[in-house]
Amino acid sequence: LQLDRAWLRQAVWPMLLQRFPEAGARLARFAAQARGVQDVIDTQAAQALAALRGDAGQLSIAGLQALPEGLIGEVLRLHAIAQGAPPPGFHELARIRREVIGARVDAEPCLRWQRHEYRRYRDALYLLPELPPAPADVIPWPAGSARCVLPDGYGQLQALDHEGRAQPVPQALSVRWRQGGERLKPAGQAHTRELRLLFQEQAIPPWQRERIPLVYLGADLLAVPGVAQA
């Protein structure tokens, strides 16, 4: 009887049946009713998730807050499963709602759990694999090479011509990572801009900004792949 299940089955259940002979039938009916209610909740949660999910897999904060109280947790569980993350339990759901969904609009909350991160940016809730630290080393991009391999699984950069063909860089470049205060004059624009403002205009979440490689020609910021080029 050391195991709880064995203790319930062998010690407690016979006593319940002696006192309440219909306990088994009543519990079976209750379980069937609960299953039917759960099926309805699952269907509604799947519909709500489809309506709230954005192109990048993020969820609308305003949409989540507008859901009935009993539906928010089911939507978050289904979302976690769809993202390949473990579904949050009761206590984790309470923390997500309090510390991330309920955070100030200008805050940058992050809740780490089971090697994943719940983050908020503006009106969106993101569920991500736990992010590694941003690289710190300067990566040389030798002249005559069309590719630059980045460290820590960050992939590679490739130089292309106007027709999309690989093109060796004519001068030695370097790849660095954001330190703060970077500026460049985007092609086609009249003024030099802060990289911080370009990130904000393109709604790039803060945790991505420090992980976007910056391409330099000497001391001059030449390009921010996917964002702007000088």
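1. How many bridges join β2 to β3, and in which sense do the two strands run? This is a predicted model. In it, β2 and β3 are joined by four bridges and run antiparallel.

2. Q114 lies in the loop between β2 and β3. Its phi is positive, near 50°, and Q114 is a residue other than glycine. For context, most residues other than glycine have a negative phi.

3. Now the sheet around this hairpin. Four strands form an open sheet in the order β1-β4-β3-β2, with antiparallel pairing. At the edges sit β1 (59–60) and β2 (110–113), each of which pairs on one side only. Strands of a sheet pair through backbone hydrogen bonds, either parallel or antiparallel.

4. S60 has A124 in β4 as its bridge partner. Helix α4 packs on the sheet. There α4 touches β1, β3 (116–121) and β4. The direction of α4 makes about 40° with that of β4.

5. Helix α4 also has a helical partner. Two packed helices are described by the angle between their axes and the distance between the axes. For α4 (residues 69–82) and α5 (residues 90–101), the angle is about 95° and the axes are 10 Å apart. Angles of 65 to 115 degrees count as roughly perpendicular, and α4 and α5 are therefore roughly perpendicular to each other.

6. Which residues make the contact between α4 and α5? From α4 come E69, I72, G73, L76 and R77. They meet L93, I96, R97 and I101 in α5. By class, this contact has five nonpolar, one polar and three charged residues.

7. Strand β8 (residues 173–176) pairs with β11 in the antiparallel sense, over three bridges. In that pairing, R176 has L214 of β11 as its bridge partner. β11 also pairs with β12, again antiparallel and over three bridges. Here Y216 is bridged to L221 in β12.

8. β11 and β12 form a hairpin with two residues between the strands. G218 in this hairpin takes a positive phi near 65°. A positive phi is also found at A203, near 55°, in a residue other than glycine. A203 sits in the loop between α6 (195–201) and α7 (206–209).

9. Rolling a probe the size of a water molecule over the atoms shows where empty space is left. The largest pocket holds about 580 Å³ of space. Its lining has 23 residues, and the closest to its centre are A159, L160, L222, A223 and Q229.

10. Which elements give two or more residues to the lining of the largest pocket? They are β7 (156–158), β11 (214–217), β12 (220–224) and β13 (228–229). The largest share, three residues, comes from β12. By class, the lining has 16 nonpolar, six polar and one charged residues.

Note on methods: Residues numbered from 1 in each chain as written. Predicted model: local features only at pLDDT ≥ 70, side-chain atom pairs only at ≥ 80, totals over all residues. Heavy atoms only, no water. Axes fitted to C-alpha atoms, helices over the stretch in contact; angles between N-to-C directions. Parallel < 35°, antiparallel > 145°, perpendicular 65-115°, else oblique. Contact = heavy atoms within 4.5 Å. Nonpolar A, V, L, I, M, F, W, Y, C, P; charged D, E, K, R; others polar. Pairing = 2+ DSSP bridges. 1 Å grid on protein atoms, 1.4 Å probe; cavity = no way out; pocket = protein on both sides within 12 Å on 5 of 7 lines; lining within 4 Å. Points joined across faces, edges and corners; volume = space filled by probe spheres on them.
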